[in-house]
Amino acid sequence: MKERKTDINHLDFSNLMELRDNLIQPPVSYVYDNSCIVIPDNARLGVASTPLNLSNPTRVNIFLFALCLDGDCVIECDLQHCHITSGTLFLCKPGSVLRVESGQTSSLSVLMGDESFFQSLSVNIQKLLPHYEALQKLSHIQLTPAECDRLKSLLRFLATAISGDRRQLYYHDLVRSYVMSFSYEVISLLSRGLEVQPVQSVPFSHTQVYANRFIELVRQNFRTERKVAAYARMLNITPKYLGSLVALQTGSTATQWISGLVIAEAKNLLLNTAMSIQQISLELHFPNQSFFGKYFKAHMGVSPGEFRYQCMR
């Protein structure tokens with residue numbers, strides 16, 4: 001049976017700032033307001049030679065976009081195996097657990113940012129809401145040379161803007177506009193990968209606002225709260241109305257959103273830690289181990305113990 005790790009490391013933006021000279025070689029990076037780091041060319045993510053060992057499971061509480069320019073490696077992200085080669089765009093969303101399994105990248109273009117910073121940009125993803133669940137599972141796509149060049153150009157423009165004169169009247173607007181441009185370019189590339197058909201732009205409705213906010217709240221609270229009614233109270237709407245608007249906007253029920261994140265976290269803990277099933281049930285705030293076992297089996301078809309055994313053989 002494969003050896004389980006004893007713990008999951010954590011990478012937040014604050015310790016990323018402390019570690020960046022060791023984690024990113026060469027240590028040439030452009031930092032914006034302690035919220036965003038860009039390395040436009042030739043970065044290399046360290047693996048075992050840094051204070052943060054990326055060969056161990058690491059929960060990444062930042063947005064990470066990495067465009068591989070040269071190299072070959074395999075990264076496990078939320079239990080999915082991603083083969084990264086030249087031209088691969090790899091993205092890791094806050095809360096994901098990643099681990100470098102093998103190989104290395106010798107050259108990357110990278111953008112990393114604090115979750116609150118990216119949320120403050122208010123990037124409009126209304127066209128992707130029906131595909132949001134599939135988008136959450138998408139960790140890497142292969143780009144054409146022209147697509148790579150566009151992303152590299154945007155990151156170079158962003159680096160130039162960050163290194164500019166902060167006293168300039170529109171300094172912050174310029175930096176944020178380049179980050180938004182990069183974000184929209186990535187979203188466009190992802191939508192191609194998801195085969196999302198272009199739709200006519202429509203005004204952003206209050207139901208879309210509620211759906212976005214619900215997804216955000218679930219991501220923040222799923223470990224402690226699994227009832228739709230609780231999220232409805234947070235949004236000051238009725239559970240019935242919340243359920244209908246979430247299904248309309250995303251194609252999945254509110255309950256499916258909650259259970260999807262709970263099960264994903266349970267699988268991460270089962271496979272990436274040595275925690276007992278009792279400890280995992282407490283970590284996820286289930287009343288007891290038996291309740292957790294029934295919940296897990298209802299969604300996965302096997303008990304937590306059977307799932308761990310089958311995957312670790």
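Two strands are taken to pair if DSSP finds at least two bridges between them. Helices (H or I, at least four residues) and strands (E, at least two) are DSSP runs, numbered from the N terminus. The model is predicted: local features need pLDDT of at least 70, side-chain atom pairs count only at pLDDT 80 or more, and totals for chains, interfaces and linings use all residues. Residues are numbered from 1 along each chain as its sequence is written, and side-chain values use heavy atoms, with hydrogens and water left out.

Strand 6 (residues 62-77) has several partners. With strand 7 (residues 80-85) it pairs in the antiparallel sense over six bridges. Here E76 is bridged to H81 of strand 7. The two strands form a hairpin with two residues between them. D78, in the turn, has a positive phi of about 50°. Strand 6 also pairs with strand 8 (residues 88-92), again in the antiparallel sense, over four bridges. A66 has F90 of strand 8 as its bridge partner. Strand 9 (residues 96-114) pairs with strand 6 in the antiparallel sense over 15 bridges. L64 has its bridge partner, M112, in strand 9.

Buried means under 20% relative accessible area, exposed over 50%, and partly exposed in between (1.4 Å probe, protein chains only). The largest such core has 35 residues, and F214, Y231, L242 and F292 have the most contacts inside it. Elements giving two or more residues to this core include helix 6 (206-221), helix 7 (228-235), helix 8 (239-250) and helix 9 (254-272). Helix 9 provides the largest share, nine residues. Another core, of 31 residues, lies apart from it and includes V38, L151, L154 and L158.

Helix 7 buries V228, A230, Y231, A232 and L235. Their cover includes helix 6, helix 8 and helix 9. Contact means heavy atoms within 4.5 Å. Y231 touches F214, L217, V218, N221, F222, E225, L242 and I258, not counting residues up to four places away in sequence. Just after helix 7, N236 takes a positive phi of about 60°.

Helix 6 and helix 8 pack at an angle of about 95°, with axes 9 Å apart. Axes are lines fitted to C-alpha atoms, for helices over the stretch in contact, and angles run from 0 to 180 degrees between N-to-C directions.

Methods
Core = buried A, V, L, I, M, F, W, Y, C linked by side-chain atoms within 4.5 Å.
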